[in-house]
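This report describes a single chain and is meant to be read beside its sequence and coordinates.

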Amino acid sequence: MAANLVNLEAVDKVYGTRALLDGVSLGVNEGDRIGVVGRNGDGKTTLIRVLAKLEEADKGRVTHAGHISLGVLTQHDSLDPAATIRHEVIRDMDDHEWAGNAKIRDVLTGLFGGLDLPGFADGLDTVIGPLSGGERRRIALAKLLIGEPDLIVLDEPTNHLDVEGISWLAAHLRARRSALVCVTHDRWFLDQVCTRMWDVQRGTVHEYEGGYSDYVFARAERERIAATEEAKRQNLMRKELAWLRRGAPARTSKPRFRIEAANELIADVPPPRDSSELMKFASARLGRTVFDLEDVTVQAGPKVLIEHLTWQLGPGDRIGLVGVNGAGKTSLLRVLAEAARTEGEKQPAKGKVVVGRTVRLAYLSQEVAELDPAKRVLEAVQQVRDRVDLGKGREMTAGQLCEKFGFTKEKQWTPVGDLSGGERRRLQLLRLLMDEPNVLFLDEPTNDLDIETLTQLEDLLDGWPGSMVVISHDRYFVERTTDRVFALLGDRALRMLPRGLDEYLERRQQVVEAAVATAPAPAAPAADVKQKSAGELRAAQKELQKIERRLDRIGEQEAKLHERIAAQATDFEAVAKLDAELRELSGEREELEMRWLELAEDV
């Protein structure tokens, strides 16, 4: 029998007037791998902080076994900003010592892409202070995984990881002997890693056996047995269960739910999407042309990301776009969005983008658009439109769509300034859909959204008749909402992957293995060429990265200025002032591009 590691007995935790935990009793045993799910704000993070004794319970008792060692990844790391990555992660071990440790090599390669930490200018000797939140989080995760805790507690470990990183982390955690408690919105990850689920709902915690797929079935079955009202019985869980059972097979390695009961529960549930019907409706709304690309080159500053791209996004196409960071996914969407905004006048560096005449594009970028903080949620939605046509005779009011996205009637009167980051993300999505677009670009739409909101968004997109491109590291969301997957593998080409994300991971693994196998031995320096020292090369690489970040910001500023010029076209004084700002940015960009070319030649 597995030994008990942690026990919660009748635990209460109250914030203000709200009970986040109400008489909760739970246990964690050796070998347990527990996934924690629930709506944002319902107490998931509070539960694991109380479990880890980072916060005290108001009532009840939290007991740790006397011998237990605990490793915790919270939303905010405790890394020393003055320290280097080497000091925090491998504790200044000699190179031969850590390089001979298979676990350390695996963690560094899996989380950073190589033992030399290619994303960091000074490798292991990079100082932590100036790094981004995402980079610091990966360092904190690496530090935790290199240790040997009995229980690992993770709060959103997949944030800031790409598809490859998430796949590696899932395999790594499955192979470990440590017990695990993990809060995450990544449903594919939950299915791959977890053997039990805790569902946190309004102060209580429901326990389920199995991974996410099993949890979906068990929750739907529980609601059916409880004989809730018909509207509740026809809920999203049953529809999602139908997708899990009929879609990609073996979502878990050994499905634990009863197949007969599952089939009976979903017998009257139609497939998530009627693709042929949606295609007909999309063609009627869009015509024959949406976006046609002919021999297009996509650049970020002077850097060529994609070249000789001839591709077509047709009516009703639902595309998942994946690829390595920096390969050009977001840049490609920006090129298309700019062509649509200017009705084809703004074209890429080379090639041509043809935009259909009827295209109405909605683009959800990674940045949350600024909204008037004084406006109420419902007012911010009604500002766009009072009612929305969802196709096939379906119509929703602004208030109904707000409820669909988790804004209850009371919450609809909350000022926008009082919303959390996740709630603002939901509101941004909602406003986009209210504008009745027929083409959707979604760049990391799952950021800050809880699982329940994600399933509601997926349900809404199932019946949405239009063309769609989704960039996401959330494998489950990509597979659930799109029909085809295209990839940017870092070689300046766009490829369709018939087998989807499994094929993408296989191809990436082949690329990595080929790079290692064909890496040339260092060449002897030519006598007449002055060689750069290692310090000078690191400094040049650091400056290159700084310039690329600034060029990205300049591109965003230029796009905003163009929008403001268009909006104030009749105010000549304002236009002249904005045009002067635009010329100043353009001059800075040219100087930076020249410096980038000089540094790139040195490196």
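## Helix α1

After α1 comes Lys-53, which has a positive phi, near 65°. Helices (H or I, at least four residues) and strands (E, at least two) are DSSP runs, numbered from the N terminus. The model is predicted: local features need pLDDT of at least 70, side-chain atom pairs count only at pLDDT 80 or more, and totals for chains, interfaces and linings use all residues. Residues are numbered from 1 along each chain as its sequence is written, and side-chain values use heavy atoms, with hydrogens and water left out.

Helix α1 covers residues 44–51, and six of its eight residues are buried, so it is largely enclosed by the rest of the structure. Buried means under 20% relative accessible area, exposed over 50%, and partly exposed in between (1.4 Å probe, protein chains only). The buried residues of α1 are Lys-44, Thr-46, Leu-47, Ile-48, Val-50 and Leu-51.

## Chain totals

The chain contains 21 helices and 20 strands. It has 603 residues, of which 49% count as buried. Contact means heavy atoms within 4.5 Å. Among contacts between residues at least 6 apart in sequence, 69% join residues at least 24 apart.

## Surroundings of Val-296

Val-296 belongs to strand β10 (residues 291–300). Its relative accessibility is 0%, so Val-296 counts as buried. Leaving aside residues up to four places away in sequence, Val-296 touches Ile-306, Glu-307, His-308, Leu-309, Pro-348, Lys-350, Gly-351, Lys-352 and Val-353.

## Packing of α4 and α5

Helix α4 (residues 102–112) packs on helix α5 (residues 133–146) at an angle of about 160°, and their axes are 10 Å apart. Axes are lines fitted to C-alpha atoms, for helices over the stretch in contact, and angles run from 0 to 180 degrees between N-to-C directions. α4 is therefore roughly antiparallel to α5 (angles over 145 degrees count as roughly antiparallel, under 35 as roughly parallel, 65 to 115 as roughly perpendicular and the rest as oblique).

On the α4 side, Lys-103, Ile-104, Val-107, Leu-111 and Phe-112 meet Arg-138, Ile-139, Leu-141, Ala-142, Leu-145 and Ile-146 of α5.

## Aromatic pairs

Seven aromatic pairs are found in a search of the whole structure. Rings of Phe, Tyr and Trp (its six-membered ring) pair if their centres lie within 6.5 Å; planes under 30 degrees apart count as stacked, over 60 as edge-to-face and the rest as tilted. Tyr-212 and Tyr-476 have ring centres 5.7 Å apart and planes at 90°, so this pair is edge-to-face. Tyr-212 is in helix α8 (residues 212–225) and Tyr-476 in helix α18 (residues 475–481), so the pair ties together parts 264 residues apart in sequence. Both Tyr-212 and Tyr-476 are buried.

The rings of Tyr-363 and Phe-441 are also edge-to-face, because their centres are 6.0 Å apart and their planes at 80°. This pair links distant parts of the chain, with Tyr-363 in strand β14 (residues 361–364) and Phe-441 in strand β17 (residues 439–443), 78 residues apart. Tyr-363 is partly exposed at a relative accessible area of 23%, whereas Phe-441, at 0%, counts as buried. Tyr-208, Tyr-212, Tyr-215 and Tyr-476 form one aromatic cluster.
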